[in-house]
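Look at the sequence and the model below before reading on. The paragraphs that follow go from contacts between helices to single residues and then to the chain as a whole.

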Amino acid sequence: DLPSFPTRRSSDLVTWFTSHQKQRTELKNKIALAQGQAAKGEYQASVNSYFDILKDNPLYQPALDGQLSSAMLWVENFHITLPEGQNPAEVAGPALDQILMILDAGLTRTKGSETADIRAHIGWAHWLNQHIAEREFGSDAEQNLRAALASDPSNVYANSMFGDWLLLN
């Protein structure tokens, strides 16, 4: 006698396959939306779209990488628009908190030159936090920029952002 194995009905397999394909299509569409937002300079929207993906799939590497990339672009192009009389810290502060959280998490997942990229962006985010949001008073920006250069002396971001830091300070 051969052992009996539970079998799935073909309708169960079709249902599973259809559901799986639908989920994959939805995920691809969400990734495409986030990428499109980043390409149009809508970095906060892009970061939030990746957050939505990561709620259901917290370890989904393409979403983690995309969110990190969008956060770095956001730092490079950071600006705020204020109605007259509004405090810049009220707008810039929460955005920079969100950016720093993503960059710090990304730093734990990377090695090599990408670490220097992220560290440089963290340094620049700290500079923005100090000079736009007026919430930091210390040397976090300089320390991160120098750490980026120490880990990769030829890193473009580290050199550029540290050069800007030197000129602005």
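This is a predicted model: local features need pLDDT of at least 70, side-chain atom pairs count only at pLDDT 80 or more; totals for chains, interfaces and linings use all residues.

**Helices and their contacts**

How do the two helices lie relative to each other? Helix 3 covers residues 61–76 and helix 5 covers residues 113–131; their axes come within 9 Å and cross at roughly 45 degrees. Helix 3 is therefore oblique to helix 5. The crossing in which helix 3 passes helix 5 is left-handed.

One residue of this contact can be followed further. A125 lies in helix 5. Is A125 buried or exposed? Its relative accessible area is 0%, so A125 is buried, since buried means under 20% relative accessible area. Apart from residues up to four places away in sequence, A125 touches V75, L96, I99, L100 and L103.

The crossing of helix 2 and helix 4 is left-handed. On the side of helix 2 the contact is made by Q44, V47, N48 and F51, and on the side of helix 4 by Q98, M101 and I102. These residues divide into four nonpolar, three polar and no charged.

**Two more residues**

P62 is found in helix 3. With a relative accessibility of 43%, P62 counts as partly exposed, because that class lies between the limits of 20% and 50%. Which residues does P62 contact, leaving aside its neighbours within four places in sequence? They are I31 and Y50. P62 and I31 are 31 residues apart along the chain, and their C-alpha atoms are separated by 8.2 Å.

E134 sits in the loop between helix 5 and helix 6, the latter made of residues 140–151. Its relative accessibility is 53%, so E134 counts as exposed, the cut-off being over 50%. The backbone of E134 deserves a look as well. Most residues other than glycine have a negative phi. E134 is not a glycine, yet it has a positive phi of about 55 degrees.

**The chain as a whole**

How many helices and strands does the chain have? There are seven helices and zero strands, and read along the sequence the pattern is α-α-α-α-α-α-α. The chain has 169 residues, and buried residues make up 37% of them; A125 is one of the buried residues. Contacts can also be sorted by separation in sequence. Of those between residues at least 6 apart, 57% join residues at least 24 apart. The accessible surface of the chain comes to about 10,400 Å², and 54% of this surface belongs to carbon and sulfur atoms.

Technical notes. Residues are numbered from 1 along each chain as its sequence is written. Side-chain values use heavy atoms; hydrogens and water are left out. Axes are lines fitted to C-alpha atoms, for helices over the stretch in contact, and angles run from 0 to 180 degrees between N-to-C directions. Helices (H or I, at least four residues) and strands (E, at least two) are DSSP runs, numbered from the N terminus. Angles under 35 degrees count as roughly parallel, over 145 as roughly antiparallel, 65 to 115 as roughly perpendicular and the rest as oblique. A crossing is left-handed if the near helix is turned anticlockwise from the far one by less than a right angle, and right-handed if clockwise. Buried means under 20% relative accessible area, exposed over 50%, partly exposed in between (1.4 Å probe, protein chains only). Contact means heavy atoms within 4.5 Å. Accessible areas come from the Shrake-Rupley method with a 1.4 Å probe; for residues, only the protein chains shown count as cover. Ala, Val, Leu, Ile, Met, Phe, Trp, Tyr, Cys and Pro count as nonpolar, Asp, Glu, Lys and Arg as charged, and the others, Gly among them, as polar.
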